[in-house]
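Please open the structure in your viewer and keep the selection tool at hand.

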Amino acid sequence: MASLRCFLRSGKNAVTAVLRREFHGTPPAAVQVTVRDALNQAMDEELERDERVFLLGEEVAQYDGAYKVSRGLWKKYGDKRIIDTPITEMGFAGIAVGAAMAGLRPICEFMTFNFSMQAIDQVINSAAKTYYMSAGLQSVPIVFRGPNGASAGVAAQHSQCFAAWYGHCPGLKVVSPWSAEDARGLLKSAIRDDNPVVFLENELMYGVPFEMSEEVQSKDFLIPIGKAKIERQGNHITLVSHSRMVSLCLDAAAVLAKEGIECEVINMRTIRPLDAEAIETSIMKTNHLVTVEGGWPQFGIGAEILAWIMEGPAFNYLDAPAVRVTGVDIPMPYAKILEDNSIPQIKDIIFSVKKTLNV
Amino acid sequence: MTDVVSSEAIAQKGSYKCDVHKLEEGPPLQAVLTREEGLQYYRTMQTIRRMELKADQLYKQKIIRGFCHLYDGQEACAVGIEAGINLSDHLITAYRAHGYTLTRGGTVREIMAELTGRRGGIAKGKGGSMHMYTKHFYGGNGIVGAQVPLGAGVALTCKYLGKNELCVCLYGDGAANQGQIFETYNMASLWKLPCIFICENNKYGMGTSVERAAASTDYYKRGDFIPGLRVDGMDVLCVREATKFAAEHCRSGKCSSPYVTTFALLIHCSHSYRTRDEIQEVRSKSDPISMLKDRMLSNNMASVEELKEIDVEVRKEIEDAAQFATTDPEPPLDDLCNHIFYNDPPMEVRGTNPWTKLKSVS
């Protein structure tokens, strides 16, 4: 009996080995996917997977999306599931929240998060707080998504970063993807999450292609909300960032590497809940911290990270004060030279790293 | 004792009749009230009345804290509306919500215990007066007007899932001036959402009288392209018939468009900003419970003793509930951080200082 089992086992192995030899291994098929397409595919797959998921917002249907993120979805799913709204954020955000309360799973798109201010009462008071106020009777499975932060040449009213505002509120999960992989995995997680999720995209990242492995392309690829990712390992200093600024951190790290300074770049992925543990672990290795964000400095993401570090175990590992690189504390100007100098540039990150390391 | 009576009284009654907007005709001027229905409406209205008066007492004793918006005097609305729809339909209102919490399935006990902030409260003491929920009842909403788009969203779900259910979206005369309500009228109309918008006009938005807040007090017309009705909100049968009429038109298969119904009320008692004289005057002229009682007695549908017996039972129920509400313990401190997220693993929540880590479960 045992020998028979043995034979079968080896036989099976032998067969697979033969097959493996026959169709010899090629590396898994990775593809280049833009952030826009990653978001589009994620929504498409989730719409297909669960009939209760639907998308509403301005221009999402017949126009294929103001930034083409929802291209093709209306054609495929029709009026019932892809809904064009009038330009009435407070109303349609409220309608989306009510639909979620009654059992659907809406994706509510804000053309940019600047317009979410018109609807912010529905996001905070109707969505975020309800599960708590009802002591668990009424959940709100909704995703609010759209571009956040500075774009290019759109001036002050269209350039604000809302990560800190939404990150402030209990009852919300706040997510800020950087790469195509982030966009895909986090949006799927957000849609499947039974709670209100604010999903902060970035218009300047929509067209940027990233390599996406076969694993990431699978329909059930999810990135857990609340976990940061180390995009680049390093020993000398920790750079913590989210969204588009991760690109700048990596570019700065490449320049610094030539001078022998190895930066560890952490992509936050989630604003709330903050993955403080990942940051602390890194600081315990590098002993130095610089945060980088596009938003304003006061009461911002960097301010919060620094406070966490002060209060936690990593403080004793710091060899220098932790600092923040942020947008300039002004409304966003229009002229290119002014706009370029209103947000962090690679040279600002390099400068801050060197100051912190005292080199 | 007659079992059934037809209520021509509606057409003959007082100064209010049913005004229509963008409609050929309104609800029928005759309604049938069975003895069973009459007794049930009477009991429910009386329960709401006694519950609210008790709450008023507890509020004045500072046993209820914060806000306590009372519904006594408006009972015919909550009871009439519920009589015109099904429990499988949906309803949402603003913060004057205790009556609706009851008609939608809550118990007096858990409502009162919520007002006193105890663990036996309908929201375990975490919501208070303005945040009570039951099945197909979405509160209890503290922000004036915010509940109206929410209600249209509930209606969207009804239509999406093909359930032949509708949503009643209530708001007051004060909220009627809110922009988001007009945004909602627009989208509900465009998308033919099965909702009935109901304005309970008690002539005061917070402390400001309607004439000082609204350029047009014809709230039933302000839906513009939406058909509207104005009915006497003190008469439970008027309210029921108007609701039934609107509901029939809302359900899928009929003309599937939203309705604006204003119930014009003469509110009495306990609205925070009235003068004593105003209150006395209104109370003596128009009381929905007295109106129903008179109607039933004069048509031989019930005896004085029978109604008195109901009064006694109701009073006892309220006393028991108040007793519970004042003796049930407050929520345990380890419930403080629970119910932040649904269906999530337990997580840590920061306390008031960095060394205090509190536990949160779904």
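Begin by selecting A:K219, which is partly exposed, with a relative accessible area of 48%. Here buried means under 20% relative accessible area, exposed over 50%, and partly exposed in between (1.4 Å probe, protein chains only). Before continuing, note that this is a predicted model, in which local features need pLDDT of at least 70 and side-chain atom pairs count only at pLDDT 80 or more, while totals for chains, interfaces and linings use all residues. Residues are numbered from 1 along each chain as its sequence is written, chains are lettered from A and ligands numbered from 1 in the order in which they are written, and side-chain values use heavy atoms, with hydrogens and water left out.

What does A:E48 form with A:K219? The two residues form a salt bridge, with their closest N and O atoms 3.6 Å apart; the term denotes a side-chain nitrogen of Lys or Arg within 4 Å of a carboxyl oxygen of Asp or Glu. A:E48 lies in helix α2 (residues 35–49) and A:K219 in the loop between α9 (214–217) and β9 (229–232), so the pair ties together parts of chain A that are 171 residues apart in sequence. Helices (H or I, at least four residues) and strands (E, at least two) are DSSP runs, numbered from the N terminus. A:E48 is also partly exposed, at 47% relative accessibility.

Next, select A:K173 and A:D193, whose side chains meet in a salt bridge of 2.7 Å, N to O. A:K173 is in strand β6 (residues 173–175) of chain A, and A:D193 is in the loop between α8 (180–192) and β7 (197–201), 20 residues apart. Are these residues buried or exposed? A:K173 is buried at 5% relative accessibility, and A:D193 is buried at 11%.

Proceed to A:E262 and A:R232, another salt bridge, with the closest N and O atoms 3.0 Å apart. A:E262 counts as partly exposed, at 28% relative accessibility. Over all chains, the structure holds 42 salt bridges.

Finally, turn to the largest nonpolar core, which has 75 residues. Such a core is a set of buried Ala, Val, Leu, Ile, Met, Phe, Trp, Tyr and Cys residues joined through side-chain atoms within 4.5 Å. Select A:F144, A:L289, B:L156, B:Y171 and B:F197, which touch the most other members. Helix α4 (residues 89–101) of chain A gives the most to this core, with eight residues.
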